[in-house]
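The tour goes from selection to selection.

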Amino acid sequence: MSEEKMRQIDRLANLGTLSAGVAHEIKNSLTAVKTFIDLLLQKAEDREMAEVVARELKRIDLLAGQILRFSVPKPPSYETVRVHEALDHCLRLLQHQIGEKAISLATDFRANPDAVEGDAAQLQQVCMNLLLNALEAMSAGGTLAVSTALAEEKTGRCVRVEVRDTGIGISPENLSQVFRPFFTTKKNGTGLGLAISQRIIHAHRGSIEVGSEFAKGSTFTVRLPASRHGKAHDKQGNRR
């Protein structure tokens, strides 16, 4: 490993330690402030301003939590995860947003079996993040396409998941930056969602990549090692 690469790794490690410490202190301080705001809301003293402050505190707390998860990631707790079940669950949760924006949803789940070994909560977090990003990138009347397939890679068989949108796309100069921590083009974005997703997928020995055409849309592709214990299912979900 080159000396420059070692220095970069050392800088990232120091940044992670510093970020975790700062996030931890922020969350501790927010506890007292939140208690005070809750009391104001109960007494209905300047309720409108108290609600604004409470909303912003919630956003800061969310950001601090994301920094902690990125800086000190929780090791995956492995179990057999059905990718289609995780995707279906996320799509049900997002049903309102999809309908509200009149987004056309197209699913093509061909991976059979669709089992991978991993942490169900973490993999669901990745699915939710990719789907939310796709929805946020589109105006009303766009198309969200979610597909799965089995693929043979050099490292063995994998389950491939693709999330495609017809949104604004990513400019060429930003395409290589999307997984960089704290990089964002969103007005209220934290720049940690995709960075955390990439870390989770890499911890599961998988890969995540993006392709995009500006003003035409983006496609995020996730590959995860297929479970050796997975069994094929028919269209009704019964094992064969």
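What follows is a walk through a predicted model, from the whole chain to single residues.

**Whole chain**

Start with everything selected and coloured by secondary structure. The protein chain contains seven helices and seven strands. Followed along the sequence, their pattern is α-α-β-α-α-β-β-α-β-β-α-α-β-β. Of the 240 residues, 37% are buried. Among contacts with a separation of 6 or more, 72% are between residues 24 or more positions apart.

**The sheet**

Now select S2, S4, S5, S7 and S6. In that order these five strands make an open sheet with mixed pairing. S2 and S6 are the edge strands, each pairing on one side only. On average, neighbouring strands here are turned by 15° against each other, direction ignored.

Which strand does S2 pair with, and in what sense? Select residues 104–109 for S2 and residues 143–153 for S4: the two pair in the parallel sense over six bridges. Serine 104 stands opposite threonine 143 in S4, and aspartate 108 stands opposite serine 147 in S4.

S4 and S5 pair in the antiparallel sense over 10 bridges. A hairpin of two residues joins S4 to S5.

How many disulfides does the structure hold? The number is zero. A disulfide is a covalent bond between the sulfur atoms of two cysteines. For cysteine 90, the closest cysteine sulfur is that of cysteine 127, at 5.2 Å, and therefore too far for a bond; the cut-off for a disulfide is 2.5 Å. Cysteine 127, in turn, has the sulfur of cysteine 90 as its closest, at 5.2 Å.

Are these cysteines buried or exposed? Cysteine 90 is buried, because its relative accessible area is 0% and the limit for buried is under 20%. Cysteine 127 also counts as buried, at 14% relative accessibility.

**Backbone exceptions**

The last stops concern the backbone. Most residues other than glycine have a negative phi, and most peptide bonds are trans.

- Select asparagine 112 and proline 113. The peptide bond from asparagine 112 to proline 113 is cis, with omega near 10°. Proline 113 sits in the loop between S2 and strand S3 (115–118).
- Move to alanine 102. This residue is not a glycine, yet its phi is positive, about 55°. Alanine 102 lies in the loop between helix H4 (95–100) and S2.
- Finish at arginine 205. Its phi is also positive, about 60°, although arginine 205 is not a glycine. Look for arginine 205 in the loop between helix H7 (193–203) and strand S6 (207–213). With 58% relative accessibility, arginine 205 counts as exposed.

Definitions and conventions: Residues are numbered from 1 along each chain as its sequence is written. This is a predicted model: local features need pLDDT of at least 70, side-chain atom pairs count only at pLDDT 80 or more; totals for chains, interfaces and linings use all residues. Side-chain values use heavy atoms; hydrogens and water are left out. Helices (H or I, at least four residues) and strands (E, at least two) are DSSP runs, numbered from the N terminus. Buried means under 20% relative accessible area, exposed over 50%, partly exposed in between (1.4 Å probe, protein chains only). Contact means heavy atoms within 4.5 Å. Two strands pair if DSSP finds at least two bridges between them. Axes are lines fitted to C-alpha atoms, for helices over the stretch in contact, and angles run from 0 to 180 degrees between N-to-C directions.
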